[in-house]
Protein chains: 2
Amino acid sequence: MRESLQRFPRTIAQHLRHIEGGVWNEADEIYPDFSPPPQKGEDPFRTDNLPSDLGYQMKIKNGVIYIYPDKNAIAKDKPKDLDYPNIHTFMDDMNFLLALIAQGPVKTYSHYRLKFLSSKYKVHEMLNEMEELKELKNNPHRDFYNCRKVDTHIHAAACMNQKHLLRFIKRTYRVDADRVVYNSKGKQMTLKELFDSLNLHPYDLTVDSLDVHAGRQTFQRFDKFNAKYNPVGSSELRDLYMKTENFIEGEYFATIIKEVGSDLEDAKYQYAEPRLSIYGRSPEEWNNLAHWFNKHKVYCPNMKWMIQIPRIYDIFRAKNFVPNFGKMLENIFMPLFEATVNPNANKELSVFLRHITAFDSVDDESKHSGQMFSSKSPAPQEWTFEKNPSYTYYIYYMYANIRVLNKLRRERGMNTFLFRPHCGEAGAITHLLAAFMTADNISHGLNLKNSPVLQYLYYLAKIPIAMSPLSNNSLFLEYAKNPLLDFHSKGLVVSLSTDDPMQFHYTKEPLMEEYAIAAQVFKLSTCDMCEIAKNSVLQCGLSHQENVCFLGEDYCKDGPLGNDIRKTNVAQIRMAYRYETWCYELNLIVLAMKAEE
Amino acid sequence: MRESLQRFPRTIAQHLRHIEGGVWNEADEIYPDFSPPPQKGEDPFRTDNLPSDLGYQMKIKNGVIYIYPDKNAIAKDKPKDLDYPNIHTFMDDMNFLLALIAQGPVKTYSHYRLKFLSSKYKVHEMLNEMEELKELKNNPHRDFYNCRKVDTHIHAAACMNQKHLLRFIKRTYRVDADRVVYNSKGKQMTLKELFDSLNLHPYDLTVDSLDVHAGRQTFQRFDKFNAKYNPVGSSELRDLYMKTENFIEGEYFATIIKEVGSDLEDAKYQYAEPRLSIYGRSPEEWNNLAHWFNKHKVYCPNMKWMIQIPRIYDIFRAKNFVPNFGKMLENIFMPLFEATVNPNANKELSVFLRHITAFDSVDDESKHSGQMFSSKSPAPQEWTFEKNPSYTYYIYYMYANIRVLNKLRRERGMNTFLFRPHCGEAGAITHLLAAFMTADNISHGLNLKNSPVLQYLYYLAKIPIAMSPLSNNSLFLEYAKNPLLDFHSKGLVVSLSTDDPMQFHYTKEPLMEEYAIAAQVFKLSTCDMCEIAKNSVLQCGLSHQENVCFLGEDYCKDGPLGNDIRKTNVAQIRMAYRYETWCYELNLIVLAMKAEE
């Protein structure tokens, strides 16, 4: 976490240091750098403050980009000292953890501790529920509605709800029917001609014929779900309305996203972290995406941007878009290094990166990946066959490059990136293990149900989990069986997120819908809901300045000291319970380690 | 049903007539009269078209109001011939039904038929789900969002959500702080003084301190739930904001209701049927309520009004407000007869009644009522003791008076009233039996779970049930255990309603929240949701003119012939399935009756 500038709670750092016999002090705190919100009147797209060219050179070596002071150093292979990640260390750690989660006594121990956490919380609830409520009732001017809450997991291409998209399409047709918007094999088409070619009239279009909502048919069918991204089943409309690179330079997509942003601004207390895609098919993608972002001024104070990278090497390789996996990594990461080293030669990208807070790794986790990641796995440049690398392989190389990139950016005083992959929605338990080693926080985490050791580790390390029970309900797990309430009771750090409002939600306020349904089905108290909302702020990529404003001065501190009830509306009794319980679990381990010595 | 002008599906009327050896024709159709919506420019409060005085006299006799042509006829006890209800007939029918639902073979038969209906629907779903979807996709311009849906069960005093009420209170304080709004034991108080006396400042008020939302504490505690009607636990605020009779003549209550109405108008496709209370403590209540309605012009095209009568004779008797139950009935019904006979002497009430579509009977059904209703029960004027009469006793006397009133009103060409009691939310199964005999439709119906015979009867007679699973979830039954999906699968006519948005809902669109949660938890298809929405229109008190517009010309016809998919977005395949299945069940009985002969 330290090396890659991901966050790590200070309480557990203190305990770890204690076990090692040292003392933690505040200077040891790891913190990522997020761009502060623009000052009043400041242009979020300004380029006059970009730092100058460092003249560094880059080269990708075994899937990781290395930085050299100059061309000469490349020739001598003398990279700058940035403490590059070592794959063998990673392997050793991974193998250690693999053995750990399979070890009988550790499993039993974790199982009992988790069971204890569950029961303890039930007792806490019975004894203190009314007291918590009293605290909240006496807390003036703050309630669940005006607590900040962040949609910690949402895809930009599905961030509008189905009704919004429908209205938007109809509106564009009313205004733009005769505008040339599409290029089909060299033939330019107006919006009217495009709809005619699809045998559609937008006036007749309904939510049903739009057919982007996930129904019963998508359960356990991620493939069908992915097809739902095509309005009326037509990839042309997806291209026109939900892509950044098309004949109209992504204008419609930018407009509808800005409308979603303006709804968030109206709601005032709601934020979202939409993901935009980078595929790694070509290094041009970054410039194109940055151009789209700058050209259409896609900025909203209530949105923090993330980049998602689909794990689709196999498809690109099959179509011969890339010669090997190493090239895909280079396409994804090299432009970022270039823009970091010489921002003025990459102005739009540099501005765009200022607004990016994290990377996500996405795709259907239930697809079996074949080969395990091991020391015998081919290096990325040798990965020339069509098979997709395993989840862990992807995760390691993303982590490794983000780590080097973050170090370089910190040196330059630039914002750094979190790593927040989709993880544990389905598939093997090793996904959750890889993310435990590399990620700031994850999305989904459902499969923690199946590994008591990992679940306990996620608890101890307080790794936040952005959960989307409505999405799961349509894809992988029925609502009532969702582990959200169980995780929350035990004290895992969970937040609520929508994933894809276009596919899953019905109302105009998808995030509120998500909270309302969870509150009803799980019978959450106000304190529960505000705690989850607070978790969402802590998990997301809001800047230090914003966090101070939304959570209070001491938000970095763990436990009740870090909780300003006037801002969070979380009862101090709850915070004290969580903190004491957590420290108790950590101390048990410290004591056991001491006893062993 | 015929005698009291409640609706009855023609298909079952045809089958009943067939069993009797007769033939049904369209003239036999029973239809209630609802006031048509005002024409463009017409004042909904106009009084210039009220009919003249008939000079009839009324007298209450054994709890039922009788009508006499003149005073002379009263003396001779020669009432007008209106086919007054006969309590012995009711008793005989009730005893017959009581024996029927307890009979072993009938129970087995009903149980198997219901099980068969369930399984048959599952098969239908598997075979036709995609076909239904296809029908809907090919249906232009209509989807779930622009189908009419009616909130068939909502209480006016809780029709705004908690956030709306909070904002409203804050706004009144900003505008009206120095206005005298309250009279406390002769001392007049300004809004500021009132809040000071409660040690409250509205600026600090939050949803938590407002404390009107039902939480975990209300489960199985209807008493605690009722207390939630008091904002900040203060009956003064309830009186000021949620009552029609107070120092400001219910101005705030009227204003906030009109705001809810205007939100419905904005949503365009949503309607609501709020209930206003008449208690029966004094005959003045009607004039006061009508005055409030007319004075504040509480009219909204998207609202249809209902009257709810709480079953709280015991409380009134204990406080000596009424000498016996008969007096309470007289207080409730006599003013309606007077306004019907001589509208010009009761102008405001006559206008108000024009907007009323139905009566509801409300209270905690789980309270045990002691004595059964039987031929030995005292007549209402003899019911002088403090004990509350049973649910059935209340229901019978409401039914009896509504029946006479409806006959009189039809004679005069006035709108008639439906009887739509709360029934089967909790308590004895006899409640559902009483409503089966008397009601047009009911709210809740949860306890149909416990009686296969009654459930089958409700199915055969297609008696609509307004269900509120979110309300049940807070009070009587966990969401996942709600029988809504089961009833819907079998083909009972269910609609979705909110009951009390103030206590149960989180978002700005409570009815949509209700649909969204049901859709998610029960995995309803679009066709299911549109069928439920259609049911809600058929169940409610919208006029013939509105129904034609919302459901199509032939909405009175059962089965696919009555379904205009362009308006309802319900697949004809579904309608055909429902209709064929229903006729099959009815025919089984016809055949059995014939075989017996």
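Reader: Which residues is A:Gln6 in contact with, leaving aside its neighbours within four places in sequence?
Author: A:Gln6 is in contact with A:Met1, A:Ile30, A:Ile402, A:Asn406, A:Phe417, A:Leu418, A:Phe419, A:Thr438, A:Ala439 and A:Asp440. Contact here means heavy atoms within 4.5 Å.

Reader: Before going on, what sort of model is this?
Author: This is a predicted model, in which local features need pLDDT of at least 70 and side-chain atom pairs count only at pLDDT 80 or more, while totals for chains, interfaces and linings use all residues. Residues are numbered from 1 along each chain as its sequence is written, chains are lettered from A and ligands numbered from 1 in the order in which they are written, and side-chain values use heavy atoms, with hydrogens and water left out.

Reader: What pLDDT does chain A average?
Author: Chain A averages 95, and 100% of its residues score at least 70. pLDDT is the predictor's confidence in each residue, from 0 to 100. For the complex, the predictor gives an ipTM of 0.92 and a pTM of 0.94.

Reader: Back to A:Gln6. Is it buried or exposed?
Author: A:Gln6 has a relative accessible area of 0%, so it counts as buried. The cut-offs are under 20% relative accessible area for buried, over 50% for exposed, and partly exposed in between (1.4 Å probe, protein chains only).

Reader: Where in chain A does A:Gln6 lie?
Author: In the segment before α1 (10-20). Helices (H or I, at least four residues) and strands (E, at least two) are DSSP runs, numbered from the N terminus.

Reader: What does the side chain of A:Gln6 reach?
Author: The backbone oxygen of A:Phe417, at 3.3 Å. A polar contact is a pair of N or O atoms within 3.5 Å; within protein, one must be able to donate a hydrogen and the other to accept it, and residues adjacent in sequence count only if both atoms are side-chain atoms.

Reader: Next one: where is A:Asn415 found?
Author: A:Asn415 sits in the loop between α15 (391-411) and β9 (418-419) of chain A. It is buried, at 6% relative accessible area. A polar atom of its side chain lies 3.0 Å from the backbone oxygen of A:Leu353, and the backbone oxygen of A:Ile356 is 3.1 Å from a polar atom of that side chain.

Reader: What else does A:Asn415 touch, not counting residues up to four places away in sequence?
Author: Its contacts include A:Asp33, A:Phe34, A:Ser35, A:Arg354 and A:Arg409.

Reader: Changing topic. How many residues of chain A are in contact with chain B?
Author: 50 residues of chain A are in contact with 49 residues of chain B. The area buried between the two chains is about 4300 Å², and carbon and sulfur atoms give 51% of that. Buried area is the accessible area (1.4 Å probe) that two parts lose on being put together, summed over both.

Reader: Which three residues supply more than any others of the area that chain A buries?
Author: A:Arg216, A:Tyr506 and A:Gln520, which supply 19% of the area that chain A buries against chain B.

Reader: How many salt bridges are there between chain A and chain B?
Author: The count is 10. A salt bridge is a side-chain nitrogen of Lys or Arg within 4 Å of a carboxyl oxygen of Asp or Glu. One of them joins B:Arg216 and A:Asp528, with the closest N and O atoms 3.7 Å apart.

Reader: Which helix gives the most to the side of chain A that touches chain B?
Author: α21(A), with seven residues. That side of chain A divides into 19 nonpolar, 14 polar and 17 charged residues. Ala, Val, Leu, Ile, Met, Phe, Trp, Tyr, Cys and Pro count as nonpolar, Asp, Glu, Lys and Arg as charged, and the others, Gly among them, as polar.

Reader: And A:Gln220, what is its phi?
Author: Near 65°, a positive value in a residue other than glycine. Most residues other than glycine have a negative phi. A:Gln220 is in the loop between α7 and α8 (222-227) of chain A, and it is partly exposed at 48% relative accessible area. For B:Lys268, phi is near 70°; this residue is in the loop between α10 (251-267) and β6 (270-277) of chain B.

Reader: Last one: how far apart in space are B:Pro560 and B:Ala576?
Author: 5.5 Å, C-alpha to C-alpha, although they are 16 residues apart in sequence. B:Pro560 is in the loop between α23 (544-551) and α24 (565-568) of chain B, and at 27% relative accessibility it counts as partly exposed.
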